[in-house]
Amino acid sequence: MHPFASSYYRQPEHGDIKTDDNDLDAIFRAAINGFGLIEKPVDPVHQQLQILARHRRDLVKKKSKLQCQIRHHLERGLPGFAALFKGDDLWSQATPVPLLRQIAARGGTVNVVKAAGQKGLVEWMKSAEIRVHQKTLERVAVWAANAADPDPTALHHTRVWTTLLDDWQQKTLQIQACECDLASLLVKTPYVLLLSHPGINVVSAAELAGEMGPIENYASSKSIAGRAGLFPSRYQSDEVDRGGNLTRFRNAKLRAAWMLIADNMMKCNAWWMAKAELWRSQGAKSADIHARIANRMTRVVFKMVAGRQIYRHPSRLDRGYVMDKLLTFFREHTISPAVTVRDLKFVADHLQKHDQREEGEKLREAALKAQRSRRKGPQELGTLLVSVLAKLGLAANAEPEIESP
């Protein structure tokens, strides 16, 4: 029972006399009038999703902090090295981190790179059996020749950033393992159908599923918006009427998950990108635009998850394919073919009959392509996908139909 409710029901009878007995009476009155805060039951799958999603989010924040710290110490011994890789390329490309390891093993300062030159860099990477583009090493050699002198304490900074780099790589592996577990849990819930919506990936769908819990606990999309606090607060008395900011009383974690969905829509969904640009031209602030999109997305998500439907939109935008998205995710995370097929079978159970054929056609294309591959892993996956296609009612050896223009 919220203290505001018990206080409201205590004052009419007892006024300014507050005792435990009076509070208990007020709690009973408030409960009878429908103000009891009873949490709906949550099954183990959604509980695990919530725990792992929050753990992953915490790891991502720690990893981001490590990246800032590494950049700071890198500038002391390798001034300008991080600037060679735009945006997030320093962490996402395959070359920078192994190259930093080789530099650190030989002193960790720009003087080491100057002395080695491009030929030395090539030999370093060959000795470590790391494949790298020659243009990248050429760019590094040019940078070293024109870089500023390192800090006098560069060796100490090198020791720090190498330690931080070890921690960063460990966090990266932990995040990948957590994402694999999230995917295996997501396929057991109807929230996996959200992958057909452009702009929603495995991680964002898993976070939303974990924070929302079973969709059966919500009577309508308004219940979702109310619990997440996706509506403006308001104060009205006589001629005074003001508001605008989102209400303070909400489930903070759930609202954060919805704001993440809204942010993804603004970046990856053409329909919502156009709507956001229109609202921005009308003078709406960024926070207001996020709230509008999140509020409207509750209706779309509720209809998809509660109705077990895939994404359909009057704008005729290309929707994503659930199984195709999952297959791509499993490949990127090097998940075994047996686990991949097992999870795809879970997805098939959530699809309606008229949606299974569309999903199966995309999956059949992937199966045929895998069977033609010379690598052992894809061939095994292509063979195992036959059972999934059979569950969808499709023949595995038939070529996909090509629609006439």
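Thr 163 is found in helix H8. The structure described in this report is a predicted model. A polar atom of the Thr 163 side chain lies 2.9 Å from the backbone oxygen of Arg 159.

When its neighbours within four places in sequence are left aside, Thr 158 is in contact with Ala 104, Gly 107 and Gly 108.

## Salt bridges between separate parts of the chain

Side chains of opposite charge can pair when their charged atoms come close. A search of the whole structure finds 20 salt bridges. One of them joins Asp 151 to Arg 76, with 3.7 Å between the closest N and O atoms. Asp 151 lies in the loop between helix H7 (134-146) and helix H8 (154-186), whereas Arg 76 lies in helix H3 (residues 44-77), so this pair ties together parts that are 75 residues apart in sequence. Both partners are partly exposed: the relative accessible area is 25% for Asp 151 and 31% for Arg 76.

Another salt bridge is formed by the side chains of Lys 391 and Asp 349, at 3.0 Å from N to O. Lys 391 belongs to helix H17 (residues 376-391) and Asp 349 to helix H15 (residues 337-350), so the pair ties together parts that are 42 residues apart in sequence. Lys 391 counts as partly exposed, at 39% relative accessibility.

Helix H16 has 20 residues. From its first C-alpha to its last, helix H16 reaches 29 Å, which is close to the 28 Å expected at 1.5 Å a residue. Its buried residues include Asp 355, Gln 356, Glu 359, Leu 363, Arg 364 and Leu 368.

How far apart are Arg 357 and Glu 361 within helix H16 (residues 353-372)? They are separated by four residues, about one turn of the helix. These two residues form a salt bridge in which the closest N and O atoms are 3.6 Å apart. Arg 357 is partly exposed, with a relative accessible area of 42%, whereas Glu 361 is buried, with a relative accessible area of 14%.

In soluble globular proteins, nonpolar side chains tend to be buried together. In this model, the largest nonpolar core has 67 residues, and Trp 258, Ile 293 and Leu 326 touch the most other members. Helix H13 (residues 286-306) supplies the largest share of this core, with eight residues.

Which residues does Leu 326 touch, if those up to four places away in sequence are not counted? Leu 326 touches Val 187, Val 192, Leu 195, Val 202, Leu 344 and Val 347. There is also a second, separate core of 31 residues, which includes Leu 78, Leu 137, Val 140 and Trp 168.

## Aromatic pairs

The structure holds six aromatic pairs. In the pair of Trp 91 and Trp 168, the ring centres are 5.1 Å apart and the planes stand at 45 degrees, so the pair is tilted. Trp 91 lies in helix H4 (residues 89-92) and Trp 168 in helix H8, so this pair ties together parts that are 77 residues apart in sequence. Both residues are buried: the relative accessibility is 9% for Trp 91 and 6% for Trp 168.

The rings of Phe 329 and Phe 330 have their centres 6.0 Å apart and their planes at 70 degrees, so this pair is edge-to-face. Phe 329 and Phe 330 are both buried. Finally, Phe 81, Phe 85 and Trp 143 form one aromatic cluster.

Definitions and conventions. Residues numbered from 1 in each chain as written. Predicted model: local features only at pLDDT ≥ 70, side-chain atom pairs only at ≥ 80, totals over all residues. Heavy atoms only, no water. Salt bridge = Lys/Arg side-chain N within 4 Å of Asp/Glu carboxyl O. Helix = DSSP H or I, 4+ residues; strand = E, 2+ residues; numbered from the N terminus. Buried < 20%, exposed > 50% of the residue type's maximum accessible area, 1.4 Å probe, protein only. Contact = heavy atoms within 4.5 Å. Polar contact = N/O pair within 3.5 Å; in protein donor to acceptor, adjacent residues only side chain to side chain. Expected span 1.5 Å × (residues − 1). Core = buried A, V, L, I, M, F, W, Y, C linked by side-chain atoms within 4.5 Å. Phe/Tyr/Trp six-rings, centres within 6.5 Å; stacked < 30°, edge-to-face > 60°.
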